[in-house]
Amino acid sequence: MQELETRLAWIEYHGTKDECARAIEELETVTSAYHYHQSALAHQLEKEVFRDHEERGVNIDDLTRGAASTVAMARSQDPSTYRGKLVSYRILFEDTPNLAQCYSRGEYTEAQIEAILSPLKKIDAEYRTAFDDFLRQNPDMFESQGTRQIRDTVTKFTLQYLEDDQCHEAEDAAQKRHIRFHRDGDLIRFSGCLPVIQGVALREHLRHTSFTIKQHGDPRTRSQIEADLLVANLVSGSRKKLPLALSLNLIMTDRSLFLGDKEPAFLEGYGYISSQIIREMIAGPPIDGEVSYRNSTQENYLEQLDTVTEIVRLYTAPGDSELVAMDSKARLFPEKLRAFLRVRDRYCRTPFCNGLVEEADHIIQHHLGGETSAGNGDGKCSLCNKAKELPGWDEYMALDNPHSIIINNMGMRYLSKSPPATGLVHQPFPQLMCDSKWIQGFRRRLVQHPG
Ligand SMILES: [Zn+2]
């Protein structure tokens, strides 16, 4: 500890930017390991509170009363979320021992652990343990992922065990739709909750339209244009419906769409969603024996949307989970290429970024000779696309399939993989693993690349 303090004190005054970056990275691991101990202590404290109340026969209706507030106070944090956190710790230490071990080694941050545990609350203990085993076998499944992507991946796992309940949950949630107006200084704050499809449709419409308007040179910011569009559509026009000249991108396997398979669908701009809900929305009547989303929905708001379903085929490599091409008719013109990158990457490819794909980026910049192709292209949020121009930031493609980028920045190195198109993790060809060209190429590139 003393040695660390001395070393840090030196770097804080004399360190190069590489040394500072690496020290920050190292401290993140140490901090996470300490957070692990705080979780373990909180869990033990909760058990002791439980035992004490039980022995004395008090607080029988709520045997852990006071535990959450005590832990929150000790951590100088707002107690309102701590009941939920104690539930997370119970899952962590009782159902997912492998995850707990990884946390103790500082492999996940506190926020990442919460992103993993939160969706697991919705399924039974036996499935949580199954998830933990799966993670043990695929230790790098969350490598370089942001909390949103992690939560999405775990949700994809839990949805397989939740299908029917999920339909009812979506129905209940839709009943709670509302909008509110509050005064906020010299502005009116406008907030609300919409059912998933309408909410995503509205957001995508505003995003795409504002992008187009901005591209034509409008001096307003994207946010200002979006606010103006919303008011213009609602107030100036007298349309009963939202203008639905927009498309929602939904990615699901042919098995899920046509054969009732349970692999969840991915709704761009939202995340994973039960395949049953989507199947009924776009494919008509429910499959026998399954709970119907359409029939269980009291109000026919879905009927108010005029939808046209267009199916675009996306291909995965044989026996594999990687997206390799779009429909053969779709030649990779820039517009199509952008769409492909959005579908393939889903989230900004900068490690740990929670942003959605907003811009198509050249991994090796165009002015450095990088070509405009799916291999040399990746999806980035606009913030990261600018950050990448910093001197010392260097990216290159390490593998085509699964699409993998190595990012070197100030002495740190990260691997960013596109998410698997189907399933939870990238599936290698087992018979080719050891001697395949791409594995060898990958190793070679890792060794050879400077930095
Ligand atoms: Zn980003």
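1. First, the ground rules. This is a predicted model, in which local features need pLDDT of at least 70 and side-chain atom pairs count only at pLDDT 80 or more, while totals for chains, interfaces and linings use all residues. Residues are numbered from 1 along each chain as its sequence is written.

2. Confidence comes next. pLDDT is the predictor's confidence in each residue, from 0 to 100. The chain averages 81, and 78% of the residues score at least 70. Over residues 289-305 the pLDDT is below 50, though this stretch has 23 contacts beyond near neighbours in sequence; two residues are in contact if their C-beta atoms, placed from the backbone, lie within 7 Å. Residues 327-333 also stay under 50, with 7 contacts beyond four places in sequence. Where pLDDT is low, the predicted coordinates should not be read in detail.

3. Now the overall make-up. The chain has 17 helices and 12 strands; these are DSSP runs numbered from the N terminus, helices being H or I with at least four residues and strands E with at least two. Of the 451 residues, 24% are buried. A residue is buried if 20 or more other C-beta atoms lie within 10 Å of its own, exposed if 12 or fewer, and partly exposed in between, with C-beta atoms placed from the backbone. Among contacts with a separation of 6 or more, 55% link residues 24 or more positions apart.

4. On to the largest nonpolar core, which has 27 residues. Such a core is a set of buried Ala, Val, Leu, Ile, Met, Phe, Trp, Tyr and Cys residues joined through C-beta atoms within 7 Å. Leu92, Leu99, Tyr103, Ile116, Leu117 and Leu120 have the most contacts inside it. At least two residues each come from H2 (17-56), H3 (67-74), H4 (82-94), H5 (97-104), H6 (110-120), H7 (125-137) and H8. H6 gives the largest share, 5 residues.

5. Have a look at isoleucine 91, in helix H4. Isoleucine 91 counts as buried because it has 20 C-beta neighbours inside 10 Å. Leaving aside neighbours within four places in sequence, its contacts are Thr96, Leu117, Leu120, Lys121 and Arg128. Arginine 128 is 37 residues away from isoleucine 91 in sequence, yet their C-alpha atoms are 8.1 Å apart.

6. Helix H8 (residues 147-159) is worth a stop too. Of its 13 residues, 10 are buried, so H8 is largely enclosed by the rest of the structure. The buried set includes Arg151, Asp152 and Lys156 as well as Ile150, Val154 and Phe157. At 1.5 Å a residue H8 should span 18 Å, and its end C-alpha atoms are 18 Å apart, which agrees; the expected span is 1.5 Å times one less than the number of residues.

7. Then there is an antiparallel open sheet in the order S3-S4-S5. Strands pair if DSSP finds at least two bridges between them. S3 (250-251) and S5 (271-273) are at the edges with a single partner strand each, so one side of each has no neighbour in the sheet. S3 and S4 (residues 265-267) are joined by 2 bridges, and leucine 250 stands opposite leucine 267 in S4.

8. Another open sheet runs S10-S11-S12, again with antiparallel pairing. Its edge strands, S10 (393-399) and S12 (412-417), each pair on one side only. S10 pairs with S11 (residues 404-409) over 6 bridges, and tyrosine 396 stands opposite isoleucine 406 in S11.
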